[in-house]
Amino acid sequence: MAKARLACRLWQTVKGLESCRQLPLRVSSFSSSSVEERIEKKRSAALLGGGQRRIDAQHKRGKLTARERILLLLDPYSFMEYDMFVEHRCADFGMNADNNKYPGDSVVTGQGRINGRLVYIFSQDFTVFGGSLSGAHAQKICKIMDQAVMVGAPVIGLNDSGGARIQEGVESLAGYADIFLRNVLASGVVPQISLIMGPCAGGAVYSPALTDFTFMVKDTSYLFITGPDVVKSVTNEDVTQEDLGGSKTHTALSGVAHTAFENDIDALLNLREFFSYLPLSNQDPAPIRECYDPSDRMVPGLDTIVPMESAKAYDMLDIVHLIVDEREFFEIMPNYAKNIIVGFARMNGRTVGIVGNQPRVASGCLDINSSVKGARFVRFCDAFNIPIITFVDVPGFLPGTAQEYGGIIRHGAKLLFAFAEATVPKITIITRKAYGGAYDVMSSKHLRGDVNYAWPTAEVAVMGAKGAVQIIFRGEPNAVEAEAEYVEKFANPFPAAVRGFVDDIIQPSTTRLRICRDLDMLASKKQNNPLKKHANIPL
């Protein structure tokens, strides 16, 4: 099925390219044939980019061209191009020669549809001056970003650029700043997605960093402030492009990128799927599509999924897959901070954001990286009206000097801040441990959680039984009896339930039914934070 879909999309891309080259030319009756010929010549030149030789070189590197990427990403025949005839304005260093002028310059911009939904897009053309950014290049990108904000539609950037165009000097730098400003102003207004499909170096990296999601392509995409040669000259470190700024570095170590895909085609097809989870703007509700998975489906497997031994690990992803529609979960940052999982799914057809501790990694403890990862995701969901479902199994914050010196207090506060600030529907399920301050942080009732459930296996306490007994009964001989007494009193969901800190203790198999009903009930939720210019999140 996947191969058939891929073949279909490739055929549509080829047909789309052919149709672009055969677009009928409509001009007024009074236009001269010389003008018609000139327009047709410019249009043909724009479609060829840097020429067939450079297109072939792009293909040999396993990469699609800028136009091929757009046509593969968008619905067939939906792309409407802007500024095809724009050229750079630089006259220095021989740049004003005819052979250095390319219609459209080094970026293709416009708007189109993905599954019938409007999106604005720019695709940098590496065949034209290595995709380098000129004043005209920046102007084209700024135009579609301004219009996207005006009409309320997402922006997708396909990055494949060698950086600033050196011949233009400060005008190129000004162009970057113009784009950065629009990234900031559009943040929280329309979703912004960056797909790195080639090099992205120097100041250019800050535009993807300012967008909501950054995806990469394995082996062909790179993100770094300074390249290996500069690093060698300044720090005397020998490092390859891949180790310095490749997809593995940024998806597993730095957390700059959210996910990496195998190749251009895989990336673009996955981006189409990802786009289906997002609203068009902050004025739209979370998308809803027809659902064939019954909302009242019981999930018996959940009744035995949590081990009886509290120290034994299990996979929180198994719980997520069993509960969400058709077991479909688009995980974000799956290789970074694996002790917390975040991503998008659907419940009864409605897009939801999923956050969950992962007991298989560091016992699900929160640390610096997981706190930042979770906080950014929660804030995106809140900005774009996406309900948040939180699965809790957290023994606390990770102890140690590395965490303390790294600022776990400040970074942990980011996740707390994000959950407390969020006004979208928030549903929380405590599956097992909810200890200490981490209990508070993970969308607790005290942080305005709308519906909070506990499974019978839940333990809500200040800390684990052994640690508590060592403090409370220090020096007493009957430590075993004291531990049993503590477990009986606190290692269960009742202390929280009798105080109203959880709304109900539910049978795990009914979790999907409960969540779907609660989402319907909370669909009309209205909650506002105090009026302010903006909050001061502990960055």
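**Strands and helices of a predicted model**

In this predicted model, Thr428 has Asn452 in β15 as its bridge partner.

Reader: What makes β14 and β15 a pair of strands?

Author: Two strands pair if DSSP finds at least two bridges between them. β14 and β15 are joined by 4 bridges and run parallel, so by the cut-off of at least two bridges they count as paired.

Reader: How do you know that β13 pairs with β14, and in which sense?

Author: The count here is 6 bridges, in the parallel sense. Val394 stands opposite Ala434 in β14.

Reader: Why is β14 called mostly covered?

Author: A residue is buried when its relative accessible area is under 20%. In β14, 10 of the 10 residues are buried, so the strand is called mostly covered by that cut-off.

Reader: Which strands pair with β7?

Author: Strand β5 (residues 192–196) pairs with β7 in the parallel sense over 4 bridges, with Phe215 as the bridge partner of Leu195. Strand β9 (residues 259–261) also pairs with β7 in the parallel sense, over 3 bridges; there Ala260 is the bridge partner of Met216.

Reader: How do you know that the length of helix α20 agrees with its number of residues?

Author: Helix α20 (residues 511–522) has 12 residues, which at 1.5 Å a residue should span 16 Å. The end C-alpha atoms of α20 are 16 Å apart, so the two values agree.

Reader: What do the buried residues of α20 pack against?

Author: The buried residues of α20 include Leu513, Ile515, Cys516 and Leu519. Elements packed against the buried residues of α20 include α12 (316–323), β13 (388–394) and β14 (426–435).

Reader: What describes the packing of α4 and α11?

Author: Two packed helices are described by the angle between their axes and the distance between the axes. For α4 (residues 66–73) and α11 (residues 264–275) the angle is about 35° and the axes are 9 Å apart. The crossing is right-handed.

Reader: Which residues of α4 and α11 meet?

Author: Arg69, Leu72 and Leu73 in α4 meet Asp264, Ile265, Leu268, Leu271 and Arg272 in α11. By class, this contact has 5 nonpolar, no polar and 3 charged residues.

Notes:
Residues are numbered from 1 along each chain as its sequence is written. This is a predicted model: local features need pLDDT of at least 70, side-chain atom pairs count only at pLDDT 80 or more; totals for chains, interfaces and linings use all residues. Side-chain values use heavy atoms; hydrogens and water are left out. The expected span of a helix is 1.5 Å times one less than its number of residues. Buried means under 20% relative accessible area, exposed over 50%, partly exposed in between (1.4 Å probe, protein chains only). Contact means heavy atoms within 4.5 Å. Axes are lines fitted to C-alpha atoms, for helices over the stretch in contact, and angles run from 0 to 180 degrees between N-to-C directions. A crossing is left-handed if the near helix is turned anticlockwise from the far one by less than a right angle, and right-handed if clockwise. Ala, Val, Leu, Ile, Met, Phe, Trp, Tyr, Cys and Pro count as nonpolar, Asp, Glu, Lys and Arg as charged, and the others, Gly among them, as polar.
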